[in-house]
Amino acid sequence: MSAKGLTIALSGKGGVGKTFIASMLVKRLSEHGSVLAIDADPDSNLPQALGVTVKRSVGQSREDIINAPMRSPVTNAKQEYLEQAIHESIEEFPLFSIIVMGRSEGEGCYCAVNHVIRGVIDTRARGYDFTIIDCHAGLEHLSRRTTRDVDIMLVVVEPTKNSIQTATRVTEIAKELHIQFGAVLVVANRVTAENKPRLDELARDNGLEITAYVPFEPLVSQYDGMGKPVSDLPEDSPASKVIDEICRKILSYA
Ligand SMILES: Nc1ncnc2c1ncn2[C@@H]1O[C@H](COP(=O)(O)OP(=O)(O)OP(=O)(O)O)[C@@H](O)[C@H]1O
Ligand SMILES: [Mg+2]
């Protein structure tokens, strides 16, 4: 494994399956090295997908600090304390560690949290072989460069025009902002024999090359509905097998 570790971010339109795929990758990649999972979605559900409960989110830590009386007259003391709190909010489980950004109330604060999470990626993530970031639906965090120096940007799409257009925007914004992505891999999700021709047509029309096709798997939504971790999907499920392929592709960049 490289000394620096590999950072993989997942983006794409809301509801395309980022969290499902991220959680599967966390479990699979944990068989190959240490994993830090970052839930960068304010409506976080990566912990549920992984079957763990996280005590504190970054947003909660931040609220506590904002509401606490100043500890020191030094102007950036709160910032330093926040960074320390964030490092402390990384929770360790047997297969992986996880940090949840969570929701942060108040104006402009998400920007501050993004700033700090970037610090976490830059410093703390170096200690892990793999860092997997489940990004939220919007692209704001990209424009704020939370995901800079991402080795692999995994863009999840489904067979809809909107999701394909969001995917093309991700690559365009990355170019405009000079965000460093080592590679951009487009992964199609919830694919069926019926919707695949439409998907391929949309991808072709928008100049996207699809790396992997994750099939529609009724068990995923069934698990979700039952509150069972989606990352517990059996290894012989066709969707699991495609995720294994994606994993091998990721490992080829390590
Ligand atoms: N391959 C699949 N087959 C069947 N259902 C799936 C598949 N992938 C995801 N789902 C279902 O689709 C829904 C959305 O998935 P998920 O939460 O992973 O998407 P998301 O991109 O993280 O969404 P959000 O943008 O809201 O965070 C969930 O109910 C999940 O169970
Ligand atoms: Mg999600």
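Serine 11 stands opposite valine 155 in S6, and that pairing is a handy way into this predicted model. Around it runs an open sheet of eight strands with mixed pairing. Five salt bridges turn up across the whole structure, while the count of disulfides is zero.

**The sheet**

- Going across the sheet, the strand order reads S3-S4-S2-S5-S1-S6-S7-S8.
- The edges belong to strand S3 (91-92) and strand S8 (210-215), and each has a single partner strand, so one side of each has no neighbour in the sheet.
- Strand S1 (residues 6-11) runs parallel to S6, with four bridges between them.
- On the other pairing of S6, seven bridges connect it in parallel to strand S7 (residues 181-191).
- Within that pairing, methionine 153 has valine 184 in S7 as its bridge partner.
- S7 in turn pairs with S8, again in the parallel sense, through four bridges.

- Strand S6 (residues 150-157) is well tucked away: eight of its eight residues are buried.
- Helix H7 (residues 161-176) lies across S1, S6 and S7, and its direction is at about 160 degrees to S6.
- Helix H10 (residues 238-251) also packs on the sheet, where it touches S1, strand S5 (130-135), S6, S7 and S8.
- The direction of H10 makes about 155 degrees with that of S8.

**Cysteines**

- None is found in a search of the whole structure.
- Cysteine 135 is buried, at a relative accessible area of 1%.
- Cysteine 247 is buried too, with 4% relative accessibility.

**Salt bridge: lysine 27 and aspartate 232**

- Lysine 27 and aspartate 232 form a salt bridge, and their closest N and O atoms are 3.1 Å apart.
- Lysine 27 sits in helix H1 (residues 18-29) and aspartate 232 in the loop between helix H9 (218-226) and H10, so this pair ties together parts of the chain that are 205 residues apart in sequence.
- Lysine 27 is buried, with a relative accessible area of 15%, whereas aspartate 232 is partly exposed at 39%.

**Salt bridge: lysine 55 and glutamate 91**

- Lysine 55 and glutamate 91 meet through their side chains in a salt bridge, at 3.8 Å from N to O.
- This one also links distant parts of the chain: lysine 55 is in the loop between helix H2 (46-50) and helix H3 (58-67), and glutamate 91 is in strand S3, 36 residues apart.
- Lysine 55 counts as exposed at 69% relative accessibility, while glutamate 91 is buried at 11%.

**Salt bridge: lysine 196 and aspartate 200**

- In the salt bridge between aspartate 200 and lysine 196, the closest N and O atoms are 2.9 Å apart.
- This pair is within helix H8 (residues 196-205), and because the two residues are four apart there, about one helical turn separates them.
- Aspartate 200 is partly exposed, at 22% relative accessible area, and lysine 196 is partly exposed as well, at 31%.

Methods
Residues numbered from 1 in each chain as written. Chains lettered and ligands numbered in written order. Predicted model: local features only at pLDDT ≥ 70, side-chain atom pairs only at ≥ 80, totals over all residues. Heavy atoms only, no water. Disulfide = S-S within 2.5 Å. Buried < 20%, exposed > 50% of the residue type's maximum accessible area, 1.4 Å probe, protein only. Pairing = 2+ DSSP bridges. Contact = heavy atoms within 4.5 Å. Axes fitted to C-alpha atoms, helices over the stretch in contact; angles between N-to-C directions. Salt bridge = Lys/Arg side-chain N within 4 Å of Asp/Glu carboxyl O.
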